Amino acid sequence: MSQSSVWKIRGWMSQRNYWILAAVGLAVPLAGWTVLTLLGSVSRVFLPGPIDVLQRVGTWFSDDRLLDDIAISSFRVTAGWALSALVAMPLGLLIGNFRVMQALFEPLTDFVRYMPAVAFIPLVMLWVGIDEAAKVAIIFIGTFFQMVLMVAEDVRRVPMAQIEAAQTMGATRCEVIEKVIVPSAKPALLDTLRITMGWAWTYLVVAELVAANSGLGYAIIKAQRFLQTDKIFAGIILIGTIGLAMDQTFRFIHRRAFPYLHVRS
Amino acid sequence: MSAISCRSVCKVFGEGQKRVTALDNVSLDIADGEFVTFVGASGCGKSTLLRILAGLETQSAGTIRAGAALVVGPGADRAMVFQDYSLYPWLTVIGNIKFPRQLAAHTRDRTSADVESASGRADALLRLMGLSHVAHAYPSQLSGGMQQRVAIARALMTRPRLLLMDEPFGALDAQTREVMHDLILHVSALEACTVLFVTHDVEEAIYLGRRVILMAPRPGRVDSIYDVPLPAERVLTMKYTPEFLALRFQILERIRETSGLRTDLGLLQRLSQ
């Protein structure tokens, strides 16, 4: 095997080497960050060191109710995302299956999804108020319109031959949807849920701009006011970590729920 | 009674400027138990005709009867085998073959004896198609040839009167294809079902068909019909008989004439200079 095989387009690499490289990819920026702060060439206010950030996470946990912040933020994100999934799944299924629904909803959705979620904050405050519902609503607005289009696309990608085969076996329209289109699209739909969950997290800070007094996003905004750069770092890294954990959970479910995609021939 | 009969079937796709006549006045009768193959230059409408017979497309004019019944949409009496991607990847081989049993059309008024005979039927089809050893594998674990065996077994599960095959072996290599030819001849004789088989491979069409129907493009139409002068029981060596080769030559020549395509000798000459 030539030594250039790892640079082959879509080439192969052993699991072991993959994870070693992944660790290097994480360790190098971390080390760079540590060295930069230890040298003292950058002010702590602009760039707190990893130790400062870790310590901040510690005091946040012990003195500032970190777990409550994590819980309420996770709730807001999950609620907004789940609500949007609850509506986007059936609507996307209809748009992906029926031309009438596509014509009615797709151009409209395409139009709305370019509107910035942040710009809806005043309207949301006016319509929904300033309590929990408002934060959930912002996350809903941020994820829903993208999600609908992705679900519709997942549904449309079910091979026509799978659908037509069922029809020639005597399947009714409902049976085709229930027994072919939905099971066929399921893996793609789970991926869509995973990806939109990530987007929901990115709207957290925006959502907690609205009269919040708790949550990771709120903590970041407040830390900015007091120039607590280490807390901003801690908040951002915590959000990233939670997001990564959720992403991995989705991937785990994917492997468990769809063994046929992960078998070797 | 014919297994299928078309009367003046026309099919027009698109509207306005983009209007294309895919089928123009096609009339055909296919006898019960017959194995008929369709060939023709691309755009001749052979696949469209098959899809209309399956009920997956609606003709613009004309009538189609399967047995005594008018064809208006898909039905379990007319099973179809596609070239590719029609198996359900989330089901195992046996799950795919039993899939029709999940449908109301095949479970209505079902007794326990029916259930038993159905699973017996699935097992019989597994054996017939040589799939017993992979019954619990997923389609993605099988070769292309094996996948098409599963597709055929699934299509036969409901005992259709008519088996419609749209280039089912088009994606297979030549050796696998030969094995599949003998298999499908054997199976269709055993199951006593009528087979309509679309292909672009003239050799395949002659080897499999009792009759070869040649279609021509622009507009799509039946051009000519050839009775294959070979014994009903086909064996591989027949492909080298003078009758086979003569018919093959005749059909290829006719497809060339009707295709409207020619090698541009002038262009080739200019390129080689």
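How many helices and strands are there in chain B? There are 9 helices and 10 strands. Keep in mind that this is a predicted model.

**Chain B overall**
- Chain B has 273 residues, and a compact globule of that length would have a radius of gyration near 19 Å; chain B comes in at 20 Å, which agrees.
- As for burial, 39% of the 273 residues of chain B count as buried.
- Take the contacts in chain B with a separation of 6 or more: 72% of them come from residues 24 or more positions apart.

**A sheet in chain B**
- Here 4 strands make up an open sheet, in the order 2-1-4-5, with antiparallel pairing.
- The edges belong to strand 2 (20-31) and strand 5 (69-70) of chain B; each has a single partner strand, so one side of each is left without a neighbour in the sheet.
- Strand 1 (residues 2-13) and strand 4 (residues 61-66) of chain B run antiparallel and are joined by 5 bridges.

**Helices 8 and 11 of chain A**
- The axes of helix 8 and helix 11 (residues 229-257) of chain A come within 10 Å and cross at roughly 175 degrees.
- That angle is over 145 degrees, and the two helices of chain A are therefore roughly antiparallel to each other.
- Among the residues that meet here are L190(A), M197(A) and W201(A) from helix 8 of chain A, and I239(A), F250(A) and I253(A) from helix 11 of chain A.
- Sorted by class, this helix 8 and helix 11 contact in chain A has 10 nonpolar, 3 polar and 2 charged residues.

**Helix 10 of chain A**
- In helix 10 (residues 216-225) of chain A, you'll find L216(A), G217(A), Y218(A), A219(A) and I220(A) buried.
- Their cover includes helix 3 (66-97), helix 9 (204-207) and helix 11 of chain A.
- Just after helix 10 of chain A, L227(A) has a positive phi of about 55 degrees.

**Where the chains touch**
- Chain A brings 18 residues to the contact, and chain B brings 26 residues.
- On the chain A side, helix 7 (160-168) and helix 8 (173-202) each supply at least two residues.
- Helix 7 of chain A gives the largest share of that side, 6 residues.
- The residues on the chain A side divide into 9 nonpolar, 6 polar and 3 charged.

Terms used. Residues numbered from 1 in each chain as written. Chains lettered and ligands numbered in written order. Predicted model: local features only at pLDDT ≥ 70, side-chain atom pairs only at ≥ 80, totals over all residues. Contact = placed C-beta atoms within 7 Å. Nonpolar A, V, L, I, M, F, W, Y, C, P; charged D, E, K, R; others polar. Axes fitted to C-alpha atoms, helices over the stretch in contact; angles between N-to-C directions. Parallel < 35°, antiparallel > 145°, perpendicular 65-115°, else oblique. Buried ≥ 20, exposed ≤ 12 C-beta atoms within 10 Å, placed from the backbone. Pairing = 2+ DSSP bridges. Rg over C-alpha atoms; globule rule 2.2 N^0.38 Å.
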